[in-house]
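Trainee: Please show me how to read the features of a structure one at a time. Start with the terms.

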Amino acid sequence: MGSSWRNLSTPIGWIQLEASEGFLTKLDFLGEEPKDKGHSIDDPKDEEILEKTANQLDQYFQKKIQRFDLPLNPQGTIFQQRIWKILQQIPYGHTWTYKELAVAYGDVLAIRAVGKANGANPIPIIIPCHRVIGANGHLIGYSGGLERKIALLTLEGSTLF
């Protein structure tokens, strides 16, 4: 089976959600409003997870939830998978530095590798890579752009950037 997708308008712009075999596999920030505002569903389980994701994102942006409860299947290396699991431990409204993320991984010398894995996260927002910042509170990169990163951290009430 292939993957299913759905475009969604959010307070930080349009995103595209992708699912496969009942798991959320990807969240992409779209640069502009898509011509096709619909969806393509290959599997009823995918339709269910895309709808559940859209609902939870709506609740997140309304500050009604702080954690997502979704079946995820991000595609990446074993190392990336470990980093993405650790990212999900960063509490809502808090930030960690890349060094703190490397320490949580168990190797303070892995800062660069941890940063690359963070940047390769295929499911931003849900896997909260926006909560990782540079030393001294500097905002460093975000797949959706720094404006979106600031918007997400502000929504969560973070004051550490």
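Mentor: Helices (H or I, at least four residues) and strands (E, at least two) are DSSP runs, numbered from the N terminus. The model is predicted, so local features need pLDDT of at least 70 and side-chain atom pairs count only at pLDDT 80 or more, while totals for chains, interfaces and linings use all residues. Residues are numbered from 1 along each chain as its sequence is written, and side-chain values use heavy atoms, with hydrogens and water left out.

Trainee: Where is the place of isoleucine 125?

Mentor: Isoleucine 125 is in the loop that runs between helix H4 (111–119) and strand E6 (132–133).

Trainee: Is isoleucine 125 buried or exposed?

Mentor: Buried means under 20% relative accessible area, exposed over 50%, and partly exposed in between, with a 1.4 Å probe and protein chains only. Isoleucine 125 has a relative accessible area of 1%, so this residue is buried.

Trainee: What is the phi of isoleucine 125?

Mentor: Most residues other than glycine have a negative phi. Isoleucine 125 is not a glycine, yet its phi is positive, about 75°. Glutamate 21, also not a glycine, has a positive phi of about 55°. Glutamate 21 sits in the loop between E2 and E3, and its relative accessibility of 49% makes it partly exposed.

Trainee: What is the order of the strands in the open sheet?

Mentor: Two strands pair if DSSP finds at least two bridges between them. Here four strands make an open sheet, ordered E3-E2-E1-E4, with antiparallel pairing.

Trainee: How many bridges join E1 to E2?

Mentor: Strand E1 (residues 4–10) and E2 run antiparallel and are joined by seven bridges. Within that pairing, tryptophan 5 is opposite glutamate 18 in E2, and threonine 10 is opposite glycine 13.

Trainee: How many bridges pair E2 and E3?

Mentor: Six bridges pair E2 with strand E3 (residues 23–29), in the antiparallel sense. Glutamate 18 has lysine 26 in E3 as its bridge partner, and glutamine 16 stands opposite aspartate 28. E2 and E3 also form a hairpin, with two residues between them and glutamate 21 in the turn.

Trainee: What is the sense of the pairing of E1 and E4?

Mentor: E1 and E4 are paired in the antiparallel sense over two bridges. Arginine 6 has histidine 39 in E4 as its bridge partner.

Trainee: How many residues of E2 are buried?

Mentor: In strand E2 (residues 13–20), seven of the eight residues are buried, so the strand is largely enclosed by the rest of the structure. Helix H1 (residues 44–61) lies across E1, E2 and E3 and runs at about 145° to E2.

Trainee: At what angle do H2 and H3 pack?

Mentor: Axes are lines fitted to C-alpha atoms, for helices over the stretch in contact, and angles run from 0 to 180 degrees between N-to-C directions. Helix H2 (residues 78–87) packs on helix H3 (residues 98–105) at about 110°, and their axes are 10 Å apart. H2 is therefore roughly perpendicular to H3; angles of 65 to 115 degrees count as such, under 35 as roughly parallel, over 145 as roughly antiparallel, and the rest as oblique.

Trainee: Which residues make the contact?

Mentor: Contact means heavy atoms within 4.5 Å. H2 contributes Phe79, Arg82, Ile83, Ile86 and Leu87, and H3 contributes Leu101, Ala104 and Tyr105.

Trainee: Where is the place of aspartate 36?

Mentor: Aspartate 36 is in the loop between E3 and strand E4 (39–40). Its relative accessibility is 42%, so it counts as partly exposed. Leaving aside residues up to four places away in sequence, aspartate 36 touches Trp5 and Asn7. Its C-alpha atom is separated by 21 Å from that of proline 122, 86 residues apart along the chain.
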